[in-house]
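Hello,

Here is the structure we talked about handing over. My notes on its charged pairs and overall build follow below it.

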Amino acid sequence: MIKVKKRKFLLLAGDGVGPEVVGEVKKIIKWLNTNRSLDFEIDEDLVGGASYDKYGTPITDEAYYKALESEVVILGAVGGPKWENLEFSKRPERALLRLRKELKLFANLRPAICFKQLVEASTLKPEIVSGLDIMIVRELTGGIYFGEPRGIKPIDNGERKGINTHTYTTSEIERVARVAFDLARKRKNKVTSCEKSNVMEAGQLWKEEVQALHERDYKDVELSHMLADNCSMQLLRNPKQFDVIVTDNLFGDMLSDQASMLTGSLGLLPSASLGAKNKDGEMRAMYEPIHGSAPDIAGKGIANPIATILSFAMALRYSLDLDKEADALEKAVQNVLDDGLRTKDIMSKGTKEVSTSQMGEAIIAYLQK
Ligand code: IPM
Ligand code: MG
């Protein structure tokens with residue numbers, strides 16, 4: 001069994017804008033090492049299409065083992081048109097799915113926060129989204145993404161059949177629901193659990209197990225159940241009714257994309273994928289921006305590094321218990337936005353365009369103050 005090495009960071013920059021945005025986090029880690037006497041050890045490796053191009057696989061065993069022994073994995077992004085036609089097992093996305101599954105990162109935290117400086121960037125009316133602060137907790141290692149049987153097979157009539165299986169067990173539901181309830185206690189104390197219990201048995205089980213756990217251990221938290229399609233509608237109608245949403249892998253994939261767009265600023269949203277704590281309190285975790293590899297703007301120095309920097313702030317908070325440093329970093333991001341500095345994706349009238357590295361450096365300058 002490979003042990004987690006304390007304070008070891010693995011940077012998997014990946015494809016597209018990944019290397020540029022992760023590069024800014026690397027600067028911040030180095031700054032913290034020098035100026036806050038933190039002894040973070042940095043390692044790096046290839047993942048996704050970049051790994052495929054060099055090694056013929058989206059993630060090598062060596063990179064995977066490095067991830068296994070790292071306390072924090074920071075992932076940039078994977079994928080791009082160049083690799084779209086590869087067979088399924090070689091696609092860049094498989095690296096991400098392997099890391100999630102094999103590191104057992106079952107709880108995916110995806111905040112959707114509407115930054116006050118960017119209210120106008122949303123496609124929704126300001127009064128609907130201003131002050132928005134939702135946390136989506138997506139189950140990440142189960143459900144239809146991983147269920148067996150799966151595959152494409154020929155059937156008798158000469159047609160083919162595509163098969164995926166949606167399954168959940170009691171413990172898979174309970175452990176992710178616990179994460180949601182615990183988070184809610186530190187926020188507005190409200191959990192909405194989403195499934196399709198009206199159509200799917202796995203959804204019915206989801207609802208029953210969340211309810212039972214609530215009655216057992218979390219009576220102080222306000223819990224409601226909502227059908228996932230209704231949740232998708234409510235997110236547009238009145239998103240501020242939500243605090244924490246907990247849902248399965250597939251619904252979480254969709255609802256988190258939808259929620260992120262309410263904020264109008266995909267380039268600003270971080271995420272954390274967390275495993276269970278062992279008896280020594282150690283936990284595996286991976287942090288990544290929710291925007292993808294954005295191949296159309298890669299290599300131009302214009303990508304927004306803030307989502308990755310805020311993902312790193314989540315790492316400081318959730319993996320390293322460095323809340324003070326996390327607060328300082330989040331504050332620095334607010335400061336540069338207040339100053340009107342913007343990368344191209346979030347430009348508006350009266351603001352000043354900066355490059356990826358200028359944005360990173362401006363954030364570091366505020367840490368320095
Ligand atoms: C996400 C992405 C991934 C997913 C893809 C890239 C495999 O959409 O992290 O939301 O479907 O989970
Ligand atoms: Mg997605």
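Arg-7 is partly exposed, at 23% relative accessibility, and Asp-39 is exposed, at 55%. In this predicted model the two form a salt bridge, with 3.5 Å between the closest N and O atoms. Arg-7 sits in strand 1 (residues 5–14) and Asp-39 in the loop between helix 1 (18–35) and strand 2 (41–45), so the bridge links distant parts of the chain, 32 residues apart.

Asp-53 and Lys-82 also pair, at 2.6 Å from N to O. Because Asp-53 belongs to helix 2 (residues 49–55) and Lys-82 to the loop between strand 3 (70–77) and helix 4 (92–102), this bridge ties together parts 29 residues apart in sequence. Asp-53 is partly exposed at 42% relative accessibility, while Lys-82 is exposed at 61%.

A further salt bridge joins Arg-317 and Asp-323, at 3.6 Å from N to O. Both ends are partly exposed: Arg-317 at 21% and Asp-323 at 36%. Lys-8, Asp-43, Asp-45, Lys-66 and Glu-69 are joined into one network by salt bridges that share partners. The count of salt bridges comes to 26, in a protein with 52 positive and 54 negative side chains.

As for the overall build, there are 12 helices and 14 strands. The radius of gyration is 20 Å, close to the 21 Å that the globule rule gives for 369 residues, so the protein is as compact as a globular protein of that length. Buried residues make up 53% of the 369. Of the contacts between residues at least 6 apart in sequence, 74% join residues at least 24 apart.

Regards

Notes
Residues numbered from 1 in each chain as written. Chains lettered and ligands numbered in written order. Predicted model: local features only at pLDDT ≥ 70, side-chain atom pairs only at ≥ 80, totals over all residues. Heavy atoms only, no water. Helix = DSSP H or I, 4+ residues; strand = E, 2+ residues; numbered from the N terminus. Rg over C-alpha atoms; globule rule 2.2 N^0.38 Å. Buried < 20%, exposed > 50% of the residue type's maximum accessible area, 1.4 Å probe, protein only. Contact = heavy atoms within 4.5 Å. Lys, Arg positive; Asp, Glu negative; His and termini not counted. Charge placed at Lys NZ, Arg CZ, Asp CG, Glu CD. Salt bridge = Lys/Arg side-chain N within 4 Å of Asp/Glu carboxyl O.
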